[in-house]
Amino acid sequence: MSSPTSGTTVRPFGMRDKVGYLFGDFGNDFMFTFASSFLMIFYTKVMGVPGAVVGTLFLIARIIDAFADVTVGVLVDKAPATKNGKYRVWMMRMAAPVVIFSFLMYQTFAIGASMGVKIVYMYVTYIIWGILYSSVNIPYSSMASLISPEPDDRTSLSTYRSVGSTCASLVIGVVAPLIIYSADANGNQIIRGGEGTQVFALVSGIFAVCAFLCFYACYKMCTERVKPENHHADTAAGERKSTLHMIGNALKSRSLWGLILMSLSATIAMLFLMQMVNYVYADYFRSASMISLTVMCGSLGMLACAPLVKPLSKRIGHKGCAVCGQLLACAAVIVLFVLHTDVPMVFTVGYVVIFFGVGMSNMVCYAMATDTIDDIEVTQNMREDATVYSVYSFGRKVGQAIAGWISGNALTWVGYKAGAEAVQNDAVRNNIYNFSTAIPAVALGVGVLLLIFVYPLNKKRVDANVAVLKAKRVAGETEA
């Protein structure tokens, strides 16, 4: 990785880049968070598909996505940069197709069709959307290393990215339940959309348009300052690295393995809780209106930790922040499990604490990915940002697959009745609560252990890597 070419005036890194990068994840999560929170609700309650079938779809689709991530990463790394940049151009090329398929997933024209037709439509639209999402998310995520080579700048980008994601979650978590849920005469929470109103299609269409506008804002506001070295273009055809060779080099890194495994466990915890919180409030507490308040407060809790991340990272490093955040979240969800409260506000308070801790970890995880890319360059003299990030994303997608599979099958395990107007008995309601707290507690606890004992990039080692790479780049500029 070299610095920008001399003689070219480049706008200094600043707030425009940070806000632009924020918009990128705002766009991603208009689609991803809506799907994570409400797609299972749509499939099970509106379309009447059994939870186990949905869970299997999530498992298969996320595994396909994981391989798509790696494929996209390698393709982007092998591609030459254009006059408008490299990663931001790839992101924008795929923006329109991904938002179109995000909208198509929530159509109800097949609601009266056979179960086989419903399942085929689910598989086709969801899997294609997932592959297209990888084609946007991998170049967007890899872009941070080209926006600035400075660790503090990358910490800011990681923080702003998480703020963008949290803002999308806030909008979706507050607005969507108010539109999607209604109540019957007995106070039972009923999902709208199965009666031909196309509520889900309308909401998903609005979010799809918002996502595209956010991607465009990211493209226009961010500048790729660091010129990527295209080793593949300068190497003889017989000597070029194969895809498997590039992936194999990345997987030699203990840092990457630690990051992958930690992210896998943290993703299981977070997505499972996000998916199940709708069932906890609608079925256990019988108060769907509390979903909006709880998600809003959880999102505000994540935003509240944003000002703390940069100064805390300077003191204890990105790894230290992640450990503290996941420990706090793990302790909070354990308390909720033990209490087994029947007071919705108590659960809401616990949810806020959980997402404050999760937010602290999430806001440094992308900076940890760039730390890992730097570490691989120092230890292996190899720099392939998109490939490394895509392998890391592979682990996150496996976590998403497992979380989706567990969520769908957990509903079957507890005897959940599918259907928009189905009412659950007390045993099912209590089991929903227990599963929704026990599984995140275990996953977060495993994540903390992986951070402490497997992921090696503490503040001292990260600072040393930064010094080595700065000296390397200065030497390269001097020779040039």
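Start with the whole chain in a cartoon view: this predicted model contains 16 helices and two strands. If you then colour the chain by burial, keep in mind that it has 480 residues and that 59% of them count as buried.

Next, select helix α2, residues 51–78, together with helix α14, residues 385–413, whose axes come within 7 Å of one another and cross at roughly 175°. Because angles over 145 degrees count as roughly antiparallel, α2 is described as roughly antiparallel to α14. Colouring the residues of this contact between α2 and α14 by type will show 16 nonpolar, 12 polar and six charged.

Now turn to the aromatic rings, which form 25 aromatic pairs in the whole structure. One of these pairs is made by phenylalanine 34 and phenylalanine 38, with a distance of 5.7 Å centre to centre and an angle of 40° between the planes, so that the pair is classed as tilted. Both residues belong to helix α1, residues 15–46, where phenylalanine 34 and phenylalanine 38 are four residues apart and therefore separated by about one helical turn.

Finally, select arginine 88 and tyrosine 219 and show their side chains, where you will find arginine 88 lying over the face of tyrosine 219, at 4.1 Å from the ring centre.

Technical notes: Residues are numbered from 1 along each chain as its sequence is written. This is a predicted model: local features need pLDDT of at least 70, side-chain atom pairs count only at pLDDT 80 or more; totals for chains, interfaces and linings use all residues. Side-chain values use heavy atoms; hydrogens and water are left out. Axes are lines fitted to C-alpha atoms, for helices over the stretch in contact, and angles run from 0 to 180 degrees between N-to-C directions. Angles under 35 degrees count as roughly parallel, over 145 as roughly antiparallel, 65 to 115 as roughly perpendicular and the rest as oblique. Ala, Val, Leu, Ile, Met, Phe, Trp, Tyr, Cys and Pro count as nonpolar, Asp, Glu, Lys and Arg as charged, and the others, Gly among them, as polar. Rings of Phe, Tyr and Trp (its six-membered ring) pair if their centres lie within 6.5 Å; planes under 30 degrees apart count as stacked, over 60 as edge-to-face and the rest as tilted. A charge sits over a ring if NZ of Lys or CZ of Arg is within 6 Å of the ring centre and within 35 degrees of the ring normal. Buried means under 20% relative accessible area, exposed over 50%, partly exposed in between (1.4 Å probe, protein chains only).
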